[in-house]
Amino acid sequence: QVQLVESGGGLVQPGGSLRLSCAASGSIFSINAMGWYRQAPGKQRELVAFISSGGSTNDAVGKYADSVKGRFTISRDNAKNTVYLQMNSLKPEDTAVYYCNLGRASGTYYYTGKYWGQGTQVTVSS
């Protein structure tokens, strides 16, 4: 019933930038927090950023893992049912499959939801 469609992945050189998008179907997007995860081969999936629902006042707040803080920016456009991850100053260690997730947030804690995007590959290499 709920579909999350990701786009924006690809191959980029170190120091470059990419912007990932995750578009959600239906009208539930605005009442949910959204998270971005990544998983490299042989590694556990890790949360890199999440953003609160914001509600009708558009007061969404983004939180970041220490490894990406200052380089990545998460944002959302409720009118488009879309969440974005702007990735700047990319490093080879950022290489992973990136997934968006529809969940809940409380303060600095993100509650993983059951709906996931299909994943988009980000490769940072010279």
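This is a predicted model: local features need pLDDT of at least 70, side-chain atom pairs count only at pLDDT 80 or more; totals for chains, interfaces and linings use all residues.

Biologist: Is D94 buried or exposed?

Modeller: Buried means under 20% relative accessible area, exposed over 50%, and partly exposed in between, with a 1.4 Å probe and protein chains only. D94 counts as buried because its relative accessibility is 0%. Its place is the loop between strand 8 (82–87) and strand 9; strands here are DSSP runs of E with at least two residues, numbered from the N terminus.

Biologist: Which side chain is joined to that of D94 by a polar contact?

Modeller: A polar contact is a pair of N or O atoms within 3.5 Å; within protein, one must be able to donate a hydrogen and the other to accept it, and residues adjacent in sequence count only if both atoms are side-chain atoms. Here the side chains of D94 and R38 are joined by one of 2.9 Å.

Biologist: And why is Q121 called partly exposed?

Modeller: Q121 is partly exposed because its relative accessible area is 41%. Q121 sits in strand 11 (residues 120–124), and a polar contact of 3.3 Å joins its side chain to that of T123.

Biologist: Now disulfides: how many does a search of the whole structure find?

Modeller: A disulfide is a covalent bond between the sulfur atoms of two cysteines; the cut-off used is sulfur atoms within 2.5 Å. The search finds one. C22 and C100 form it, with their sulfur atoms 2.0 Å apart. The pair links distant parts of the chain, as C22 is in strand 3 (residues 18–24) and C100 in strand 9 (residues 96–106), 78 residues apart. Both cysteines, C22 and C100, are buried, and the link is right-handed, with 55° about the S-S bond.

Biologist: How do strand 9 and strand 10 pair?

Modeller: Two strands pair if DSSP finds at least two bridges between them. Strand 9 and strand 10 (residues 109–116) do this in the antiparallel sense over five bridges, and A105 has Y110 as its bridge partner in strand 10. The two strands form a hairpin with two residues between them, and G107 in the turn has a positive phi of about 65°.

Biologist: What is the strand order in the open sheet of four strands?

Modeller: The order is 1-3-8-7, with antiparallel pairing. Strand 1 (4–7) and strand 7 (72–77) are the edges, each pairing on one side only. Strand 7 pairs with strand 8 over six bridges, and S75 has Y84 as its partner in strand 8.

Biologist: Last, which residues have the most contacts inside the largest nonpolar core?

Modeller: In soluble globular proteins, nonpolar side chains tend to be buried together. A nonpolar core is a set of buried Ala, Val, Leu, Ile, Met, Phe, Trp, Tyr and Cys residues joined through side-chain atoms within 4.5 Å. The largest has 26 residues, and L4, M34, W36, L85, M87 and Y98 have the most contacts inside it.

Definitions and conventions
Residues are numbered from 1 along each chain as its sequence is written. Side-chain values use heavy atoms; hydrogens and water are left out.
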